[in-house]
Amino acid sequence: MTTSTLWYLRRLSRMGPREVGGRVGDAVRRRRWRSARPAGPRVTGARFTAVLPAGTLEAMPADAVKRLVAEADRLMAGHVEYFGVVRDDLTDPDWWYDPKTGRRAPWGYAFGLPYRDEDTVGDIKQIWELSRHQYLTVLAAAYALTRDDRYAERVAGHLRGWWAANAPLRGVHWISGIELGIRLLSWVWIRRLLDGWPGAAALFENNPVALRQIWHHQRWLAAFPSRGSSANNHVVAEAAGQFAASCAFGWFPASARWRASALRTLERHLRSNTFGSGLNRELATEYHGLVLELGLAAVAEAAAAGVPVPASVRQVLLRMTDALAAVVDNRLRPPRQGDSDDGHGLVVDGAGTDRWASLLATGDAVFGRLDWWPAVRGSDVRTPLLVSLIGTYAKDAALSRVARPAERPDHFADAGMTLLRGPEEIWCRCDGGPHGFLSIAAHAHADALSVEVRHDGVDVLADPGTYCYHGQPKWRQYFRSTLGHNTLQLDGGDQSLSGGPFLWTRHARSRVLVADTSGADVSRWCAEHTGYRGSLHRRRVELDHSARELRVTDEVHGPRRAVRLAFHLGPAVTADLVGGRARLTWTRDGEDRCAVLDLPAELRWRAHRGESEPPLGWYSPGFGRKEAATTLIGTGFSSGPAPAGGFSTVLKFSD
């Protein structure tokens, strides 16, 4: 039996009957669509009316505009970087070319292309990213703010080139619904930002090629929604893009039907993808940001089109915004939990704009900040654009019924996340939550009971990140493994069982026993999981505020087993390991900082850095990028049925 066949069998085992039936229908429809490619309805008299309110562009912060224009000029010169790969061909891009591998995706019927096969197609993420057209929204925003026709003309040339090269259902850009959804959202904003340019109508509503592309994108999304075990952030992106296009480009006989269906889907899946606490159920922080961006963009389109939105949509977005404000550290950095692929919903800002500060600024303007929210530094272009359409929900009666936290929450029981905060901006995330979302937990990592510790925003005990999805299986396996996180591994295996790069066939079950963050002197957390059959791993974490000391105690209940305990240091941290003690040093804002990490004497300790066979000692600052960092690994054995006090680790920060 081939590896591919085994994967399909494992994947099938995680589906319910309804999902299987839906996917069978999809397969039949794909076969039928291979030969049936309708031209789409003829459209006459189309007008674009979803424009920005008067005065919006004049109110932009000058520093944000400066960053945006600098970014636009870099793009105009042909330079862009995606996932660690620099491209200099953006003046005339090849839409199917992968600059990382040098391969070019084959032409053919979209649903027959082996897009997961990097040897045939190349790195599909590299190919897809450019065709989200989010660099074109940056150029369109630069036109709107400068009225320099060069930006608009470049946008028009690239769109016409893309439409000519990517006929409906032909090529890799017609495979994935999330790509179509985000691309539609980009096109809506491109048209809005080009309003006032003499060629805007000829590019969009008076252009039969553009109309055909927009219609086929929406027809595709209506026919092939993400289903069942795949209904995560993808279905939100699909629905948001479909809704935005059917509001702003409501020129087709099916537009009203598509709009109503997309809004129902968006409402249902925003709720299902979000815990009651406001955190995203995938437990992958970057996707919390993506879903929140998509939701805000969708309500902006609804407001521009005068389409009523269910109160539940606004309530979910409010809870998500409060949750984000609660979990960030003092530098506005959120947890590095689960998968991350640097995906954005709407990009209209230049390099150096803080994504999380931007989301909180939008939340402040739309929902109103609470007293405990952190202060937001900096400015952005996206916030005033969105707020000009959405307005403020300050007097929204439906939102007044939402019980917003009176104090900053530190424990999110439904998500199993607890934050211990100490003096001098010590921040510690403790993970006792479920293993991801839905039956496949696609974006989860095997990280039960892991901790993530920062000091003044610097990663001290770091979550190493994600690095890659397709094409590099050993690296994908490492970055999502138990050993790749600050937790304890038994017998060389993962707590949860992987069935593929986005598939977990057995999930570790965790439960939080203690989450006490109310004490002025000591904060405590304790949780356990049973991911290793026959054994139970229990971890206690205590943060002594006055001593500036974090104590981590690990117990293994069950038979004697081989143990590896990992602590991954951030890339800015240097470690001097002598025996069971590591002296940690780093610099923050020109000031030298240090801490001492006392490690369990029962284990043999060794430092690893930048090793590849097998991978160990790495940190991924963003998708497609990795850099060497120090990982401390302690090896030994559990003590058998009696925990005998467990393995004790103490991290003490200097005064």
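Within the protein, 4 cavities of 30 Å³ or more were counted. A cavity is here a set of points, on a 1 Å grid over the protein atoms alone, where a 1.4 Å probe fits but cannot get out, and lining residues have an atom within 4 Å of a point. Grid points are joined across faces, edges and corners, and a volume is the space filled by probe spheres set on the points. The structure is a predicted model, in which local features need pLDDT of at least 70 and side-chain atom pairs count only at pLDDT 80 or more, whereas totals for chains, interfaces and linings use all residues. Residues are numbered from 1 along each chain as its sequence is written, and side-chain values use heavy atoms, without hydrogens and water.

The largest cavity holds about 100 Å³ of space. Its lining includes Leu-279, Asn-280, Leu-283, His-288, Val-327, Gln-337 and Met-417. Helix H14 (311-327) makes the largest contribution to this lining, with 3 residues, and H13 also supplies at least two; helices are DSSP runs (H or I) of at least four residues and strands (E) of at least two, numbered from the N terminus. By class, 8 lining residues are nonpolar, 4 are polar and none is charged. In this division Ala, Val, Leu, Ile, Met, Phe, Trp, Tyr, Cys and Pro count as nonpolar, Asp, Glu, Lys and Arg as charged, and the others, Gly among them, as polar.

The second largest cavity has a volume of about 60 Å³. Among the residues that line it are Leu-283, Gln-337, Asp-431, His-435, His-445 and Asp-447. The lining of this cavity comprises 3 nonpolar, 6 polar and 2 charged residues.

Of its 49 lining residues, Asp-342, His-344, Thr-353, Arg-355 and Arg-625 are the closest to the centre. Elements that give two or more residues to the lining include helix H3 (62-76), helix H15 (355-367) and strand E22 (618-622), and E22 supplies the largest share, 4 residues. The lining is divided into 18 nonpolar, 15 polar and 16 charged residues.

On the surface, Leu-12, Val-20, Val-24 and Val-28 form a nonpolar patch. Helix H2 (residues 17-33) provides the largest share of this patch, 3 residues. Patch members have over 30% relative accessible area and no salt bridge, with nonpolar side chains (Val, Leu, Ile, Met, Phe, Trp, Tyr) joined within 5 Å and like charges within 9 Å; a salt bridge is a side-chain nitrogen of Lys or Arg within 4 Å of a carboxyl oxygen of Asp or Glu.

Terms used
1 Å grid on protein atoms, 1.4 Å probe; cavity = no way out; pocket = protein on both sides within 12 Å on 5 of 7 lines; lining within 4 Å. Areas by Shrake-Rupley, 256 points an atom, 1.4 Å probe, with all protein chains shown as cover.
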